[in-house]
Amino acid sequence: MWNRVAAQLSLLFGLRRAHCRGPVTPPRPLYRPIAGRNIAGVCIALSQAYGWDVALVRIFTVIGFFFSGGIVAVAYLACWIGIPEEPFTLPNAYPPGTTYPPNPSA
């Protein structure tokens with residue numbers, strides 16, 4: 001019974017078993033992207049990092065805001081603070097590959 005429930009949930013959320021997948025792509029690092037975000041970029045960051053559909057993540061977040069008693073709101077704020085923004089490469093910068101914000105360890 002649990003296998004059937006897991007299979008239905010995996011179809012609902014677009015997950016597949018490992019042997020059914022094509023070539024494995026490396027996961028994207030967890031960054032809040034500059035482009036494509038609506039409020040803080042938390043939903044799109046989670047969807048890109050884990051390969052989920054951004055619309056579903058946003059829908060579940062809004063539903064969670066209303067039905068979780070504030071737990072999802074606190075988690076959203078914590079992710080907003082904790083997930084770093086995506087660094088971007090400055091065009092025509094020297095040395096090539098210079099990013100903003102600058103890397104403090106370099």
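Which residues make the nonpolar surface patch of about 840 Å²? Leu56, Ile59, Phe60, Val62, Ile63, Phe65, Phe66 and Phe67 make this patch. The model is predicted, and local features need pLDDT of at least 70, side-chain atom pairs count only at pLDDT 80 or more, while totals for chains, interfaces and linings use all residues. Residues are numbered from 1 along each chain as its sequence is written, and side-chain values use heavy atoms, with hydrogens and water left out.

**Overall architecture**

- The protein has 4 helices and 2 strands, where helices (H or I, at least four residues) and strands (E, at least two) are DSSP runs numbered from the N terminus.
- Read from the N terminus on, the elements follow the order α-α-α-α-β-β.
- Of the 106 residues in the protein, 14% are buried; buried means under 20% relative accessible area, exposed means over 50%, and partly exposed lies in between (1.4 Å probe, protein chains only).

- A patch is built from residues with over 30% relative accessible area and no salt bridge, with like charges joined within 9 Å and nonpolar side chains (Val, Leu, Ile, Met, Phe, Trp, Tyr) joined within 5 Å.
- The accessible areas come from the Shrake-Rupley method with a 1.4 Å probe, and for residues only the protein chains shown count as cover.
- Phe66, one of the patch residues, lies in helix H3, which spans residues 54-67, and Phe66 is exposed because its relative accessible area is 66%.
- Phe65 is also a patch residue and is found in helix H3, but Phe65 counts as partly exposed, at 36% relative accessibility.
- The C-alpha atoms of Phe65 and Tyr76 are 9.3 Å apart in space, and these two residues are 11 residues apart in sequence.
- Val62 lies in helix H3 and is partly exposed, with a relative accessible area of 44%.

- A pocket is defined on a 1 Å grid over the protein atoms alone, as an open set of points where a 1.4 Å probe fits, with protein on both sides within 12 Å along at least five of seven lines, and lining residues have an atom within 4 Å of a point.
- The second largest pocket is lined by 14 residues, and Asn38, Ile39, Cys43, Arg58 and Tyr76 are those that lie nearest its centre.
- Helix H2 (42-50), H3 and helix H4 (71-82) are the elements that give two or more residues to this lining, and H3 supplies the largest share, 4 residues.
- By residue type, the lining of the second largest pocket divides into 9 nonpolar, 3 polar and 2 charged residues; Ala, Val, Leu, Ile, Met, Phe, Trp, Tyr, Cys and Pro count as nonpolar, Asp, Glu, Lys and Arg as charged, and the others, Gly among them, as polar.

**Salt bridges around Glu85**

- The structure holds 2 salt bridges, a salt bridge being a side-chain nitrogen of Lys or Arg within 4 Å of a carboxyl oxygen of Asp or Glu.
- Arg32 forms a salt bridge with Glu85, and the closest N and O atoms are 3.7 Å apart.
- This pair links distant parts of the chain, 53 residues apart, with Arg32 in the loop between helix H1 (2-13) and H2, and Glu85 in the loop between H4 and strand S1 (88-89).
- The side chains of Arg37 and Glu85 meet in the other bridge, at 3.4 Å from N to O.
- Arg37 lies in the loop between H1 and H2 and Glu85 in the loop between H4 and S1, so this pair ties together parts that are 48 residues apart in sequence.
- Arg32 counts as buried at 8% relative accessibility, whereas Glu85, at 37%, counts as partly exposed, and Arg37 is partly exposed with a relative accessible area of 26%.

- Ala49 has its place in helix H2 and is buried, with a relative accessible area of 12%.
- Ala49 and Pro29 are 20 residues apart in sequence, and their C-alpha atoms are 5.9 Å apart in space.
- The C-alpha atoms of Arg32 and Leu46 are separated by 8.4 Å, and the two residues are 14 residues apart along the chain.
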